[in-house]
Amino acid sequence: MNYYSTNKTAPLASFQEAVVKGLAPDKGLYMPETIQQLSPDFFGMIADLGLTDIAKTVAEAFFGGDIPKEQLDAIVTDTLNFDIPLKKIEEGIYVLELFHGPTFAFKDVGARFMARMLSYFVKEQQQEDVKVLVATSGDTGSAVANGFLGVEGIQVFVLYPAGKVSHIQEAQFTTLGQNIVALEIEGTFDDCQALVKASFMDEELNRQLNLTSANSINVARFLPQSFYYFHAYAQLMQQLSAEKVVFSVPSGNLGNLTAGLFAKHMGLPVHRFIAANNRNDVFWEYLHTGKYSPRPSVQTIANAMDVGAPSNFVRILDLYNHDHQAVSRDISSKRYNDEEIRTAIQNVWLTSDYLLDPHGACAYLALKEGLQPGETGIFLATAHPAKFRETVEACIGSTISLPDRLAAFMQREKESYPLPNDFNLLKKALIDLS
Ligand SMILES: *Cc1c(COP(=O)(O)O)cnc(C)c1O
């Protein structure tokens with residue numbers, strides 16, 4: 001399948017080119033030329049299928065023409081070696097737990113799939129070695145670093161703001177060694193992102209190193225996120241035959257939501273989506289006013305959603321031909337401040353004996369408030385509550401324990417390269433460390 005750029009002025013790219021480039025040369029985001037409808041037979045038996053069988057079918061619809069089925073199936077199976085359970089919390093409200101992967105965040109799915117796909121290109125398709133550059137405010141760095149750990153032919157540079165990520169998050173990408181290099185930048189997350197952008201723009205650097213991005217702009221990272229929408233639906237159908245299924249998605253860069261929209265366009269019977277925002281409400285504002293005004297992000301307790309200029313917004317516009325009414329028919333939005341998020345964590349703990357993380361709490365609230373009679377709601381829990389231990393403990397007034405695998409990261413020794421916020425020094429470091 002070919003991929004076009006949302007800016008429409010770059011040549012079509014093959015899947016491999018789109019993955020290795022990340023961003024199109026005209027700075028647009030790549031989109032698949034067609035979205036294949038899945039067969040009624042598939043939906044007829046979906047309730048009897050497990051996660052990997054569902055994911056193999058969805059993956060084939062996207063990537064079947066680009067990679068032999070046997071290898072694609074192996075990549076899918078290898079990516080999804082953990083559960084994504086659907087649990088009932090209240091009448092009509094279900095949670096899809098996306099945090100049982102190696103770094104306890106939903107980004108594991110996309111990061112692992114992308115790593116295995118790139119590795120296939122390097123091993124089987126004579127793709128030259130690739131350098132993955134990723135800026136992180138915490139969760140992306142850990143998922144990408146762990147997803148690519150030990151993958152031959154690929155080196156990963158994680159840029160993160162010194163002193164501004166939690167210890168748990170930092171330990172997950174600074175203690176790995178091998179092909180993972182942590183660059184500790186004296187600056188903010190925005191500075192890290194600007195440095196990554198500057199690196200992609202630098203022709204000399206790109207001539208010397210094959211640079212790509214592992215943020216959700218990369219098609220190999222965001223498309224696989226559609227797998228679990230099908231799996232959630234299948235699990236719901238095992239329990240009841242709901243007709244109007246609503247997904248509530250905690251949203252930052254909108255990659256997760258966009259993957260859900262792709263699932264709907266492939267025929268998954270989703271009634272509608274709710275995009276949950278924290279105080280970074282650019283998308284909420286667009287849905288309510290039709291105006292899109294990106295702005296600097298503000299800090300909240302759901303920090304993985306602190307995004308002021310969501311990168312996948314252009315994909316949503318493209319999918320709906322820039323028609324605000326059409327977007328609004330499929331998606332509505334709610335926004336919450338830190339106080340409301342804290343109260344939700346506390347209330348759900350008390351009434352349902354279920355522990356939410358701040359991101360999932362946002363999506364829970366949006367569903368609770370937005371659900372109409374006759375609808376069944378599923379919200380996505382995108383991170384394990386223990387990753388936000390202090391916040392969560394303060395809400396419920398008691399301590400929680402870290403899962404063993406998470407605690408194990410904290411025991412290892414940190415190794416990082418401190419760098420000032422200076423592109424020329426970063427450039428030198430990238431070349432020296434490559
Ligand atoms: C990245 C992230 C989000 C936001 O997902 P997007 O695809 O960027 O919208 C939400 N919750 C958690 C825990 C995350 O790590």
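**A salt bridge across the domains, and a wrapped ligand**

The side chains of D139 and K387 meet in a salt bridge, 3.0 Å from N to O; the term stands for a side-chain nitrogen of Lys or Arg within 4 Å of a carboxyl oxygen of Asp or Glu. One salt bridge is the count between domain 1 and domain 2. The model is predicted, so to speak of local features takes pLDDT of at least 70 and side-chain atom pairs count only at pLDDT 80 or more, while totals for chains, interfaces and linings use all residues. Residues are numbered from 1 along each chain as its sequence is written, and side-chain values use heavy atoms, with hydrogens and water left out.

As for the domains themselves, domain 1 takes in 83–106 + 222–396 and domain 2 takes in 108–217 + 411–433, with bounds that come from an automatic or database domain assignment. Their C-alpha centres sit 27 Å apart. Where the two meet, 21 residues of domain 1 are in contact with 15 residues of domain 2 (contact means heavy atoms within 4.5 Å). About 1,500 Å² is buried between domain 1 and domain 2, with 52% of that from carbon and sulfur atoms; buried area here is the accessible area (1.4 Å probe) that two parts lose on being put together, summed over both.

Polar contacts also link the domains: 10 residue pairs, both partners at pLDDT 80 or more. Such a contact is a pair of N or O atoms within 3.5 Å; within protein, one must be able to donate a hydrogen and the other to accept it, and residues adjacent in sequence count only if both atoms are side-chain atoms. On the side of domain 1 that touches domain 2, the residues split into 12 nonpolar, seven polar and two charged.

Then there is the ligand, with 15 residues around it, the closest being K107, G252, N253, L254 and T382 (a heavy atom within 4 Å is the cut-off). D139 turns up again here, with a polar side-chain atom 3.2 Å from a ligand oxygen. Backbone polar atoms of N253 and L254 each lie 2.8 Å from an oxygen atom of the ligand. Of the 380 Å² of accessible area that the ligand has on its own, the protein covers 97% (Shrake-Rupley method, 1.4 Å probe).

How values were computed: Ala, Val, Leu, Ile, Met, Phe, Trp, Tyr, Cys and Pro count as nonpolar, Asp, Glu, Lys and Arg as charged, and the others, Gly among them, as polar.
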